[in-house]
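Let's take a walk through this one together. Have the sequence and the 3D view open as you read.

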Amino acid sequence: MITVENLSKVYDGTTVVDAVSMVIEKNTTTVIVGTSGSGKSTLLRMINRLVEPTGGRVLIEGRDTREEPAHLLRRRIGYAIQGHGLFPHRTVAENIGTVPQLLGWSAARIQARVEELLQVFQLDPKAYADAMPHELSGGQQQRVGVARALAAEPAVLLMDEPFGALDPIIRAKAQEDLLEIRRRFGTTIVLVTHDMDEAFHLGDRVAVMSGGRLLQYDRPARLLTQPADPFVARMTGMGDRAMRLLSLTTAGEAALPGRGSGPAVTASASLREALSELVWQGADSAQVVDADGTARGHLTLDAILRHGRPS
Amino acid sequence: MTEATLPRTARFDRLGTLLGVTGVAALAGLSFVLVKANRIVPGIPRSLLEAAPPLAGWACLACLALAATAALFVFNARLRLGAALLGIGALLLALGAAGDALTPLGNRVVRISAGPAFWVVLVCLGLMATDAITRMRPGPARRVLWLAGFIAVAVLALKSGRFDHLSVMREYAVNAERFSRELLRHVLLAAGSLGAAALAGLPLGIACYRVPRIREAILGALNVIQTIPAIALFGILMAPLGALAAAVPLAGRLGIRGIGAAPAVVALFLYSLLPIVANTVQGLRRVSRQAVEAARGMGMTPGQVLLRVEMPLALPVIVTGVRVVLVQNIGMVTVAALIGGGGLGTFVFQGIGQTAIDLVLLGAIPIVALAFSAAVVLDALVEVMDRVKQ
Ligand SMILES: Nc1ncnc2c1ncn2[C@@H]1O[C@H](COP(=O)(O)OP(=O)(O)OP(=O)(O)O)[C@@H](O)[C@H]1O
Ligand SMILES: [Mg+2]
């Protein structure tokens, strides 16, 4: 658990982060959104003390982060940035092994961990361990950047626009990887993005910032249905907020009992996708099935639409 | 029009034509060797065929004709290189043969030296060879191997005795022991001042990078030093170093004096600082900000960030500075001879004083060879380092 208390940063008389307080639960993904210059990166970087706060404090598992030297703190916290920041003069394996090496792990343990991570990110260790970063594609470099941040099994992973430079298809893949990572390692993730779709897709909670202030910190659905501020409503998009809301629930979660008729939609698809399928097929009900085809229930057009309104 | 778009049927190579015509004109119109009855009198010019024994003369002409033909009509870089090297070999052997032929048995006073035609043709063939090597785009390792090969061949050729009757070699024979000493001293002065400048310049460069406020001041001061002519700087340094030696006897015993090696080393050190400091700053600035940010974010201490990320990534640019300094120092150590610093410059200035051009060459040729070799080796090093990162 990360507790941010009254955290502020002032640069030359300008308040860049203004008394932000928030509690980030263990094993959740928190996404920070906001306009450019609203202080997202500064807030994130104060968590691992790349920026020293002007006021307030950060507790990780109840311990003030200032209790230990900053570089030791950072070795316990994963950090991944836009454009990956890989060391161009080190091989992929050396890059990933950076923090374990700083922590003094044995060479054998580092190698085993590097291979495990390469496999998690679908990079064949034989082909890629000794490659130099410039020999990889942009998507591969980015995956190595995230693998490097995870190398020492940090409980907390900070990511500053990690997928900003990726094309939509690779970006979607990277997002799935990230969800998988959290399931697998139970990492607490704090991620900054400009992309609202990404925020709603990944975030258990979303923090909206403007002018250094934290306007709202809530579950994605509440951000849509009960925006604390007109800016939050604008930020989350008034035009397609119903669709956004539908995208937050899966067909499996909304399925009604009983086998229905009409086209089949998978349980993991969002209601937005289910609705799109019904519109496309001209049907008013659908069967919900698992990935292996077993029936999970059914959905009607009415039932779907009810999920797209604030209740 | 670029090389690639030239029609393959182009009949003449442009550079080759220029070199070929120049070479032929020089051989026809200028003297190949100069024969002097002794060291000081003006030389009597002789053409290639007058000077060399008939067989050697004609064989050399045939090889040169082949090289000229290749320069004009052959486009394959390997063949061009082969022809140029053949020409250089033939030219040198003919000069050696002319030396033997024109020296009466047992006469140790007569001087046979290379004439203008020899030098012009040698430069033309040298340009043709380097142009061919450039077109072959050899990798860094191969370039260093080529250099080592050339040096080995040159040393073997000089040791073979074929050139012993040439005036430069006569001067060498007289000064052999001094030559080795001054050569070593030359290298030590150039490398020593470089080493000292690197030891001081790297921290200074890092400081300039870290603290922008002092950057302008330090780089500005070093720039001013660069503009002071070497001789003037030696002069400026003589007084304080002399005073230091007088005031502190230990300094004097360590060899610190107003003249000699001390002011030379200090002056070269000062000249060397600017390229090293400026390139260190430039190299560090070029390091990816994201790599540095990631390094800090992963928990490297400031020292680790510097040693493991910033310096390795800045190194190619820093070594480029070292290359500039080394080549520059090898040249400038020559001037140090004027204030008693020693080095190959002693031969150059002694030769100038005695109007003995051969003595000048005995100093100058190795200086050029040293500077050239240093440039080739360090260029290769920079290229290797640049290739590893990127
Ligand atoms: N080191 C610094 N010195 C002075 N001002 C700074 C510094 N770092 C950031 N700022 C200012 O603080 C403000 C917030 O910066 P920050 O990087 O946190 O914004 P951001 O929300 O991450 O923006 P973006 O979406 O563009 O990345 C900006 O106005 C920026 O100019
Ligand atoms: Mg930012």
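Start with a salt bridge: Glu293(B) pairs with Arg45(A), and their closest N and O atoms sit 2.3 Å apart. Keep in mind that this is a predicted model. That pair is the one salt bridge found across the interface of chain B and chain A, alongside 10 residue pairs in polar contact.

Which helices of chain B are doing the touching? The largest share, seven residues, comes from α12(B). Sort that side of chain B by class and you get nine nonpolar, six polar and five charged residues.

Now zoom out to the whole interface. Here 20 residues of chain B are in contact with 24 residues of chain A. Together the two chains bury about 1900 Å², with 59% of it on carbon and sulfur atoms. Glu293(B) turns up again here: with Met298(B) and Arg308(B), it supplies 31% of the area that chain B buries against chain A, more than any other three residues.

The residues around it include Tyr11(A), Gly37(A), Lys40(A) and Glu161(A). By class, this shell has two nonpolar, eight polar and two charged residues. Helix α1 (residues 40–47) of chain A gives the most to it, with three residues.

For polar side-chain atoms beside ligand oxygens, look at Ser36(A) at 2.5 Å, Thr42(A) at 2.5 Å and His194(A) at 2.9 Å. Overall, the protein covers 57% of the 630 Å² of accessible area that ligand 1 has on its own.

Notes. Residues are numbered from 1 along each chain as its sequence is written. Chains are lettered from A and ligands numbered from 1 in the order in which they are written. This is a predicted model: local features need pLDDT of at least 70, side-chain atom pairs count only at pLDDT 80 or more; totals for chains, interfaces and linings use all residues. Side-chain values use heavy atoms; hydrogens and water are left out. A residue is near a molecule or strand if one of its heavy atoms lies within 4 Å of it. A polar contact is a pair of N or O atoms within 3.5 Å; within protein, one must be able to donate a hydrogen and the other to accept it, and residues adjacent in sequence count only if both atoms are side-chain atoms. Accessible areas come from the Shrake-Rupley method with a 1.4 Å probe; for residues, only the protein chains shown count as cover. Helices (H or I, at least four residues) and strands (E, at least two) are DSSP runs, numbered from the N terminus. Ala, Val, Leu, Ile, Met, Phe, Trp, Tyr, Cys and Pro count as nonpolar, Asp, Glu, Lys and Arg as charged, and the others, Gly among them, as polar. Contact means heavy atoms within 4.5 Å. Buried area is the accessible area (1.4 Å probe) that two parts lose on being put together, summed over both. A salt bridge is a side-chain nitrogen of Lys or Arg within 4 Å of a carboxyl oxygen of Asp or Glu.
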